[in-house]
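Reader: I would like to go through some of the labels used for this structure and the values behind them. Please start with contacts.

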Amino acid sequence: MNTIELNAAAEKMIKDSVDPKKVREILEYTLSQMQTINSFPDETQAEVLTNHVAEMVERSEDNRQLDDVDVSVFDGLPEDSVELAGKVIDKIGNLKDQEKYILAVHFEVARK
């Protein structure tokens, strides 16, 4: 499997996050699992994903939840992306299940 190199901005996001160790662990898990569904983010996509993961970890740690979203707008997302995103959400913990739909969009954007 390919290794995704993070740029300096992504590395800074990790370093400056509420829990750098957890953010890196979740991000590495996510990037590895994305490859199983043929989703390979480029540098910019990996940076945006890093930001999203850091924000999810922060919300989880601070016990903050996103406002409810209409999940029907995500009906077109492939099930494998949604399932993978659900695993990531579960691994982070303390997040609404509907966050998986927002995360799954990253996986679809990075599909090649």
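Author: This is a predicted model. In it, Phe107 touches Thr30, Met34, Ile37, Ser39, Ser81, Leu84, Ala85 and Val88, leaving out residues up to four places away in sequence.

Reader: What makes these count as contacts of Phe107?

Author: A contact requires heavy atoms within 4.5 Å, so Thr30 and the other residues listed with Phe107 each meet that limit.

Reader: Which residues touch the most other members of the largest nonpolar core?

Author: Val53, Leu103 and Phe107 do, in a core of 30 residues. Helix H1 (8-16), H2, helix H3 (43-62), helix H4 (79-92) and helix H5 (99-109) are the elements that give two or more residues to this core. In soluble globular proteins, nonpolar side chains tend to be buried together.

Reader: Why is Leu31 called buried?

Author: Its relative accessible area is 8%. Buried means under 20%, so Leu31 qualifies. Leu31 lies in helix H2 (residues 20-35) and touches Ile4, Leu6, Pro41 and Leu49, not counting residues up to four places away in sequence. The C-alpha atoms of Leu31 and Val48 are separated by 12 Å, with the two residues 17 apart along the chain.

Reader: How do you know whether Lys22 is buried or exposed?

Author: Lys22 has a relative accessible area of 19%. The cut-off for buried is under 20%, therefore Lys22 is buried. Lys22 is also placed in helix H2.

Reader: Which residues is Lys22 in contact with, aside from neighbours within four places in sequence?

Author: Lys22 is in contact with Val57, Ser60, Glu61 and Ile92, with those neighbours left aside.

Methods:
Residues are numbered from 1 along each chain as its sequence is written. This is a predicted model: local features need pLDDT of at least 70, side-chain atom pairs count only at pLDDT 80 or more; totals for chains, interfaces and linings use all residues. Side-chain values use heavy atoms; hydrogens and water are left out. Helices (H or I, at least four residues) and strands (E, at least two) are DSSP runs, numbered from the N terminus. Buried means under 20% relative accessible area, exposed over 50%, partly exposed in between (1.4 Å probe, protein chains only). A nonpolar core is a set of buried Ala, Val, Leu, Ile, Met, Phe, Trp, Tyr and Cys residues joined through side-chain atoms within 4.5 Å.
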